[in-house]
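Good morning. I will go through one model today, from the whole chain down to a few single residues. Please keep the picture in view while I talk.

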Amino acid sequence: MLTNGRIIKGTVSEAEKEFLVGQRIGVMRFPKDRVAGAFNSLREAYEFQVQQLPARDCEERMKLARWCLNEKLHAEAKEQLEKVLELSSNHSQARAMLFTMEQAATIAVQRQRDPEVKQTGAERPVENYPGALDSAVIQKAQRGLNIMGMPVIFDLPTPLAIKRTQEFINYVNPLLQAYCVKCHDGSYDGPFQLVPTKNRADRTQDALRVNLDATLRLIDQENLSKSELLTTTLRPHGNGPRKRSIFPGSNDKAYQILSVWVQSLRSSNDIKDAARSVGRTGPENGETFAVGRDRIGNENPETDPPAISSGGRRPPLAGTPSARRIPPPSPFVPPAA
């Protein structure tokens, strides 16, 4: 468990200055000053936090109750909410959370009694994804199939995908760490979850690849400028009472970095198709611009005098001196020696 309450599951080992958590896709490293403790179960992590609670601090107990709900420890969350009400019987937020939990428990009991009873409103479908393969099996398959582990970004050719991945690591991922990871970490209830990479030890290949894949899921390949990564950052954001956009507008320098990188994901085929369509596009009436026109301006070919190139002369404009009044240039006479 990290100091911010985030739970990292895996096989834990301890080094001199860091903890290592072995997972199916690799090893995650965390400095010891970011780790609250290593536990065998969520219940142990909960009991550890209970011991750290101030005796009569309602807000700290509310934080622990929310942590319990995020980790699906409903009985423990109820326990903390009831203690908050013991300390402050008028705590409206704790009372509202308890009421919501009791409603959910009642509905669950009714469903067990009568499977035909369904809760009204939208329900998120539960997808049964297959379990992850052991990393050794994956590595053996990569060697056998000669898969080099190169990054894949839509249908970009491999050299361009590698370049865009490096740009993501250098420019985009630091922005996501600064603006997004505080809320969109592993405890976020949604698909856009990022791995914090605050220091060099955290910036492993696996962590950066996870962040790249999560970001690509917010890209609309058919309409890059309408990608969720760009549009949501300009709209009021968050769950608090005072929502605000992440970026103040499209002229924000950080937003422009995201926008330029997203636009660079356009495939070469899209660029070629756009060029072909421009080449095929012409005026709707079939007229070609400025073809067969030897005059400038809105001139009438029936009333205009002949052009100078045909030997004719135009009359002087009104208000201008006559050509006969303009004296000829004087001959040049060299000064006397």
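**The chain as a whole**

Among contacts in the chain between residues at least 6 apart in sequence, 44% join residues at least 24 apart. Before I go further: this is a predicted model. The chain has 337 residues, and buried residues make up 26% of them. Its accessible surface comes to about 24,800 Å², and 53% of that belongs to carbon and sulfur atoms.

What does the secondary structure consist of? It comes to 10 helices and 3 strands. If you read from the N terminus on, the order of elements is β-β-β-α-α-α-α-α-α-α-α-α-α.

**The sheet**

Let us start with the strands. The 3 strands form an open sheet in the order S1-S2-S3, with antiparallel pairing. Which strands are at the edges? They are S1, residues 11–14, and S3, residues 26–31, and each of these pairs on one side only. On average, neighbouring strands of this sheet are turned by 25° against each other, with direction ignored. As a reminder, strands of a sheet pair through backbone hydrogen bonds, either parallel or antiparallel.

Now the pairs in turn. S1 pairs with S2, residues 18–23, in the antiparallel sense over 4 bridges. These two strands form a hairpin, with 3 residues between them. You can follow the pairing residue by residue. Thr11 has Gly22 in S2 as its bridge partner. Ser13 has Leu20 in S2. Glu14 stands opposite Phe19, again in S2.

On to the other pair. S2 and S3 run antiparallel and are joined by 6 bridges. They too make a hairpin, here with 2 residues between the strands. One of the partners to find is Pro31 in S3, which is bridged with Glu18.

How far apart should the ends of H3 be? H3 covers residues 74–87, which is 14 residues, and at 1.5 Å a residue it should span 20 Å; the C-alpha atoms at its ends are 20 Å apart, so the model agrees with the expectation.

Which residues of H3 are buried? They are Glu76, Ala77, Gln80, Leu81, Val84 and Leu85. Keep that list of numbers in mind for the next point. An α-helix has 3.6 residues a turn, so residues three or four places apart point the same way.

The loop between helix H2, residues 58–70, and H3 holds Lys72. Its phi is near 65°, a positive value in a residue other than glycine. For background, most residues other than glycine have a negative phi. Is Lys72 buried or exposed? Lys72 counts as exposed because its relative accessibility is 62%, and the cut-off is over 50%.

Phe154 is another residue with a positive phi although it is not a glycine; the value is about 50°. Phe154 sits in the loop between helix H5, residues 135–144, and helix H6, residues 158–179. With 27% relative accessibility, Phe154 counts as partly exposed.

I will finish with two residues on the inside. Arg164 is part of helix H6. Why is Arg164 called buried? Its relative accessible area is 11%, and buried means under 20%. Leaving out residues up to four places away in sequence, Arg164 touches Ile153, Leu156, Trp261, Ser264 and Leu265.

The other residue is Ser227, which is in the loop between helix H7, residues 205–216, and helix H8, residues 228–231. Ser227 is buried, because its relative accessible area is 0%. A polar atom of the Ser227 side chain lies 2.7 Å from the backbone oxygen of Leu224. Not counting residues up to four places away in sequence, Ser227 touches Leu218, Ile219, Asp220 and Val262.

Technical notes. Residues are numbered from 1 along each chain as its sequence is written. This is a predicted model: local features need pLDDT of at least 70, side-chain atom pairs count only at pLDDT 80 or more; totals for chains, interfaces and linings use all residues. Side-chain values use heavy atoms; hydrogens and water are left out. The expected span of a helix is 1.5 Å times one less than its number of residues. Buried means under 20% relative accessible area, exposed over 50%, partly exposed in between (1.4 Å probe, protein chains only). A polar contact is a pair of N or O atoms within 3.5 Å; within protein, one must be able to donate a hydrogen and the other to accept it, and residues adjacent in sequence count only if both atoms are side-chain atoms. Contact means heavy atoms within 4.5 Å. Two strands pair if DSSP finds at least two bridges between them. Axes are lines fitted to C-alpha atoms, for helices over the stretch in contact, and angles run from 0 to 180 degrees between N-to-C directions. Accessible areas come from the Shrake-Rupley method with a 1.4 Å probe; for residues, only the protein chains shown count as cover.
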